[in-house]
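Colleague: I would like to learn how to read a few features of a model. Please give the general idea each time, then the case at hand.

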Amino acid sequence: MFWGLNSRKYKSKVSVASAYDSWTEDKLLERLWGEHIHLGYYPKNSRNVDFRQAKVQFVHELVKWSGLNNLPKGSRILDIGCGIGGSSRILSDCYGFNVIGITLSSAQVKRARELTAKGSSCSFEVMDALNLDFKDGEFDGIWSVEAGAHILNKDKFADEMLRTLRPGGYLAVADWNSRDFNLKPPLFYEKIVLKFLLEQWAHPEFISINGFNNILSKSMHSSGEVISENWNFYTNPSWFDSIYEGVRRPNAILNLGPKAIIKSIREIPTILLMHWAFSNGLMQFGVYKCRG
Ligand SMILES: C[S@@+](CC[C@H](N)C(=O)[O-])C[C@H]1O[C@@H](n2cnc3c(N)ncnc32)[C@H](O)[C@@H]1O
């Protein structure tokens with residue numbers, strides 16, 4: 001089957017890097033999702049927000065919720081799994097932070113640099129979240145949005161984030177999680193859906209919000225209470241919106257030619273299944289915060 005033959009199954013960090021290199025170089029993702037490769041935030045009282053606006057809103061909501069906005073201008077922030085730098089630029093332009101964004105994809109680093117104004121206080125490097133080339137306590141804030149689900153070794157991911165966070169600094173993480181299968185094991189058809197979702201977008205494993213909260217809390221570098229929430233309600237309209245984007249901005253795809261049209265159609269079943277899984281609670285949008 002087409003989806004099986006062309007699956008972007010996780011094999012190692014190399015498969016994640018090459019998936020993002022290709023999604024960046026063909027420009028399709030950026031044309032449709034803009035500079036933020038994450039879901040948007042749709043507030044309770046105004047659900048009818050433009051998709052791209054909702055993504056910007058998401059960054060401000062996570063900053064506020066995590067307390068990152070308590071840090072003074074000039075604070076050093078590490079954006080782990082920075083994509084093409086959407087969050088990093090907001091953190092530097094709107095909050096005055098000094099930001100370093102890291103990603104596995106060299107194509108993303110190149111594009112992030114192109115999109116960032118000269119003189120801006122953010123920079124980008126290719127680096128693995130599991131082997132951060134930074135000293136202990138080097139950052140006032142650690143930020144990571146929708147990167148953890150691409151990482152198999154969640155313990156090391158948590159350890160590296162907390163190791164590089166200074167005492168008293170702020171951690172802000174958002175990620176795609178599964179329901180807690182210790183409380184309610186997956187049904188047969190749910191296992192099939194999860195396998196499909198994992199294999200389409202280079203994810204090795206989804207764990208529960210409780211599971212990752214425990215990993216952060218028990219990390220050898222943990223120093224306090226970890227608070228987590230499920231933001232499914234605020235983020236779920238993003239899935240349909242990401243399909244409507246193709247209708248609202250058809251030229252974004254049409255101008256890229258027939259290959260791009262086929263590629264974008266190919267993503268629709270995955271997006272619809274993601275919507276179904278997040279709506280039913282099989283998948284959950286976890287956010288996490290703690291102090292270093
Ligand atoms: C869904 S994108 C999110 C990008 C960005 N945070 C945003 O919100 O626009 C996932 C990102 O995580 C990065 N990533 C995945 N595994 C990683 C790892 N082991 N080390 C560094 N970055 C990683 C990918 O390269 C990609 O940039």
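Modeller: Start with burial: a residue is buried if 20 or more other C-beta atoms lie within 10 Å of its own, exposed if 12 or fewer, and partly exposed in between, with C-beta atoms placed from the backbone. This is a predicted model, in which local features need pLDDT of at least 70, side-chain atom pairs count only at pLDDT 80 or more, and totals for chains, interfaces and linings use all residues. Residues are numbered from 1 along each chain as its sequence is written.

Colleague: How many C-beta neighbours does asparagine 69 have inside 10 Å?

Modeller: Asparagine 69 has 14, so it counts as partly exposed. Helices (H or I, at least four residues) and strands (E, at least two) are DSSP runs, numbered from the N terminus. Asparagine 69 lies in the loop between helix H4 (51–66) and strand E1 (76–80).

Colleague: Which residues does asparagine 69 touch?

Modeller: Two residues are in contact if their C-beta atoms, placed from the backbone, lie within 7 Å. Leaving out residues up to four places away in sequence, asparagine 69 touches Val63, Lys64 and Tyr95. Phenylalanine 97 is 28 residues from asparagine 69 in sequence, and their C-alpha atoms are 9.8 Å apart.

Colleague: At what angle do H11 and H13 pack?

Modeller: Axes are lines fitted to C-alpha atoms, for helices over the stretch in contact, and angles run from 0 to 180 degrees between N-to-C directions. Under 35 degrees is roughly parallel, over 145 roughly antiparallel, 65 to 115 roughly perpendicular, and the rest oblique. H11 (residues 237–248) and H13 (residues 258–280) pack at about 160°, with axes 8 Å apart; they are therefore roughly antiparallel. Residues making the contact include Trp239 and Phe240 of H11 and Ile268 and Phe278 of H13.

Colleague: And H7 with H9: what is the angle there?

Modeller: Helix H7 (residues 154–164) and helix H9 (residues 209–218) pack at about 50°, their axes 9 Å apart. That makes H7 oblique to H9. Lys154, Asp155 and Ala158 of H7 meet Phe212, Ile215 and Leu216 of H9.

Colleague: How many residues surround the ligand?

Modeller: A residue is near a molecule or strand if its C-beta atom, placed from the backbone, lies within 6 Å of it. Here 24 residues surround the ligand, the closest being His38, Gly81, Gly83, Ala129 and Ala147. Helix H2 (13–25), helix H5 (86–95) and strand E2 (98–103) each give two or more residues to the shell. H2 provides the largest share, three residues.
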